[in-house]
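Hi,

Here is the structure I promised to pass on.

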Amino acid sequence: IGGYSFDLGRQPMPDLARLRDRFDETVALFLRVDDRRLCVVELESRQPLSFARGIGYSESLRLGASGISILAHIPQA
C-alpha cells in the first residue's frame, strides 16, 4: 500500500467487534495513504439493512466522515 508494510493481525478486532455489537452498525478501520483513505478492516452490521463498502475501498480524505476525521488529526505544516 503506497510503499507501506503493516500487519494488522487481530489487534484492532476486539475493539471493532465491541463497537459493532454495541451500536449494531458496520465499523471500519481506514488508513491514510497519501491524500486518500483506505479501508483495511471492516465488520458488517448484523442488521438486515446495512451499509458496507468493503476492504480495499479507497476514497479522497476530503469526502466522508472517516476522511475528515483523519484530516483533523494530521498536524498542520
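A term to start with: a polar contact is a pair of N or O atoms within 3.5 Å; within protein, one must be able to donate a hydrogen and the other to accept it, and residues adjacent in sequence count only if both atoms are side-chain atoms. Also, this is a predicted model, where local features need pLDDT of at least 70 and side-chain atom pairs count only at pLDDT 80 or more, while totals for chains, interfaces and linings use all residues. Residues are numbered from 1 along each chain as its sequence is written, and side-chain values use heavy atoms, with hydrogens and water left out.

Strands here are DSSP runs of E, at least two residues long, numbered from the N terminus.

What does its side chain meet instead? A polar atom of the Glu-42 side chain lies 3.2 Å from the backbone nitrogen of Arg-53, and one lies 2.8 Å from the backbone nitrogen of Gly-54.

As for strand 2, seven of its eight residues are buried, so the rest of the structure largely encloses it. Seven bridges join strand 2 to strand 1 (residues 27-33), and the two run antiparallel.

Cheers

Key:
Buried means under 20% relative accessible area, exposed over 50%, partly exposed in between (1.4 Å probe, protein chains only). Helices (H or I, at least four residues) and strands (E, at least two) are DSSP runs, numbered from the N terminus. Two strands pair if DSSP finds at least two bridges between them.
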